[in-house]
Amino acid sequence: MKNILVTGGAGFIGSAFVRYMIDTYPEYNIIVLDKLTYAGNLDNLLPVHDSPRYHFERGDIASRETVQRVVETYSVDTIVNFAAESHVDRSILQPDAFIHTDVVGTYILLDMMRLLGLERMLHVSTDEVYGDVAEGYSVETDSFQPNSPYAASKASAELMIRAYRQTYDLDVVVTRGSNTFGPYQYPEKLLPLFITEAIDDRPLPLYGDGMQVRDWLFVEDHVTGIDTVLHHGAAGEAYNIAGECEKHNIEVVRELLRALGKPEKLIRHVKDRPGHDRRYAMNCDKLHALGWQRQHSFEDAIRLTVQWYVDNEWWWRKIKTGEYLEYYKAQYAERLAESD
Ligand code: NAD
Ligand code: DAU
């Protein structure tokens, strides 16, 4: 029996991982520790709510007492750390929470792992640590060149992981995923924001010329990549999880508008994100060598994702109120007013 602590398990990718693990491994207990920030949502965990192998605790990974109590209560042996502030635009508006959760929080998890003698921790990181990749593909040994407070907070966490591995011989593995999309993604990231805004025939604020390149990974493929590294990754190693599907932002937006049957005139070119990385692209050979392959084509996955938001207005309409609208105004009101 494994007792796996999934931090940030009420967020987008973390909840997909929890749903997958409960379905896939009948011998595992899954304990979610989540602070339930604006991005955490217990609706994401409704499909596993009644499982006797799923447990939820609300709390902060940066609290030593909380982490110790949860580890001891459930005899946790393994941690999978999704908990993070994860949105680049919010890190530009207000970086503090990124340092607290992504840097201090990861350090507390490492320290509790050391003191309480846990077996393994998988830390979920990002391709953004490599920074802008003008040409070629990032490999796991490349240096970090983070360009946003978010990316720097994730790179900082990885440096602390490396130090704990070298100093205390902890069994830690890292995954670096690319741009992930799918059901239950908080509607502030490109795809869920634009899908839900387009459903309401509202303008879609595309930064700059829309020619930035991202590598798109369906959430279910990201989750199986994490599972592969959790079970087969070598201690102390990092593994890229790439969608191997590079697209310009404008192409992605056109694709989602086609799937929705909405016109391209909804697109507005607005003032760019400061420090905006032009391209991310990773080599994924190291993970392929462990036997992982993605199972979903971009075209099928985007159709499925669009349809999910069309069918699940109950999920996103209640998010798009209160704090969400304040954030939307701070991020977009001036940009949209200035756009042509
Ligand atoms: P998300 O923002 O949807 O979810 C983050 C979750 O962490 C939320 O449930 C939130 O409540 C929780 N959380 C935040 N601060 C916490 C704290 N101090 N203590 C406990 N819980 C806390 O994020 P996501 O998109 O699901 O990303 C999950 C992880 O994957 C992050 O570490 C992110 O950096 C990484 N990642 C994301 C992507 C992507 O495209 N979304 C790609 C690669 C890597
Ligand atoms: O690459 C992995 C990263 O992908 C993860 O580490 C992050 O957690 C995740 O948020 C995501 O970061 P991005 O900044 O790439 O994702 P976002 O959805 O915010 O933006 C995707 C692209 O779309 C990016 O080039 C900026 C652009 N964009 C985004 C928004 C929200 C727009 O043009 N307009 C927008 O309104």
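Which residues is Leu 190 in contact with, leaving aside its neighbours within four places in sequence? The first legend takes that up; keep in mind throughout that this is a predicted model.

View 1. Leu 190 sits in α6, the helix that runs over residues 190–199. Once you set aside the neighbours within four places in sequence, Leu 190 is in contact with Trp 216, Asn 249, Val 252 and Val 253. Tyr 324 is another residue to look for here: Leu 190 and Tyr 324 are 134 residues apart in sequence, yet their C-alpha atoms are 15 Å apart in space.

View 2. Helix α6 is mostly covered, with 9 of its 10 residues buried. Those buried residues are Leu 191, Pro 192, Leu 193, Phe 194, Ile 195, Thr 196, Glu 197, Ala 198 and Ile 199. Thr 196 belongs to this helix, and with a relative accessible area of 0% it is buried. A polar atom of the Thr 196 side chain lies 3.2 Å from the backbone oxygen of Leu 193. Which residues does Thr 196 touch, not counting those up to four places away in sequence? They are Pro 187, Tyr 309, Trp 316 and Lys 320. Follow the chain just past α6 and you come to Asp 201, which takes a positive phi of about 55 degrees.

**View 3. Ligand 1 and the residues around it.** There are 30 residues around ligand 1, and the nearest of them are Ile 13, Asp 34, Ser 86, Tyr 150 and Lys 154. An N or O atom in the side chain of Lys 154 is 2.7 Å from an oxygen atom of the ligand. At Ile 61, a polar backbone atom is 3.0 Å from a nitrogen atom of ligand 1. At Thr 180, a backbone N or O atom lies 2.9 Å from an oxygen atom of ligand 1. How much of ligand 1 does the protein cover? On its own the ligand has 840 Å² of accessible area, and the protein covers 96% of that. Elements giving two or more residues to the shell are α1 (12–24), β5 (120–126), α5 (149–168) and β7 (179–181). The largest share, 3 residues, comes from β5. Sorted by class, the shell holds 11 nonpolar, 14 polar and 5 charged residues.

View 4. How far apart are the end C-alpha atoms of α5? They are 28 Å apart, and that agrees with the 28 Å that its 20 residues should span at 1.5 Å a residue. Buried residues of α5 are Tyr 150, Ala 151, Ser 153, Lys 154, Ala 155, Ala 157, Glu 158, Ile 161 and Tyr 164. An α-helix has 3.6 residues a turn, so residues three or four places apart point the same way. The buried residues of α5 pack against α3 (88–93), α4 (96–116), β5 and β6 (172–177). Just after this helix comes Asp 169, with a positive phi of about 60 degrees.

**View 5. Ligand 2 and its shell.** Of the 25 residues around ligand 2, the nearest are Thr 126, Asp 127, Tyr 150, Arg 273 and Tyr 332. Which polar pairs should you look at? An N or O atom in the side chain of Asp 127 is 2.5 Å from an oxygen atom of the ligand. A polar side-chain atom of Tyr 332 lies 2.6 Å from an oxygen atom of ligand 2. At Pro 205, a polar backbone atom is 2.9 Å from a nitrogen atom of ligand 2. The protein covers 95% of the 680 Å² of accessible area that the ligand has on its own. At least two residues of the shell come from each of α3, α6 and β8 (204–207). By class, the count is 10 nonpolar, 8 polar and 7 charged residues.

**View 6. Gln 68 in helix α2.** Gln 68 lies in α2, which covers residues 64–73. With a relative accessible area of 31%, Gln 68 is partly exposed. Apart from its neighbours within four places in sequence, Gln 68 is in contact with Met 112 and Leu 116. Gln 68 and Leu 109 are 41 residues apart along the chain, and their C-alpha atoms are separated by 9.3 Å.

How values were computed
Residues numbered from 1 in each chain as written. Chains lettered and ligands numbered in written order. Predicted model: local features only at pLDDT ≥ 70, side-chain atom pairs only at ≥ 80, totals over all residues. Heavy atoms only, no water. Near = heavy atom within 4 Å. Polar contact = N/O pair within 3.5 Å; in protein donor to acceptor, adjacent residues only side chain to side chain. Areas by Shrake-Rupley, 256 points an atom, 1.4 Å probe, with all protein chains shown as cover. Helix = DSSP H or I, 4+ residues; strand = E, 2+ residues; numbered from the N terminus. Nonpolar A, V, L, I, M, F, W, Y, C, P; charged D, E, K, R; others polar. Expected span 1.5 Å × (residues − 1). Buried < 20%, exposed > 50% of the residue type's maximum accessible area, 1.4 Å probe, protein only. Contact = heavy atoms within 4.5 Å.
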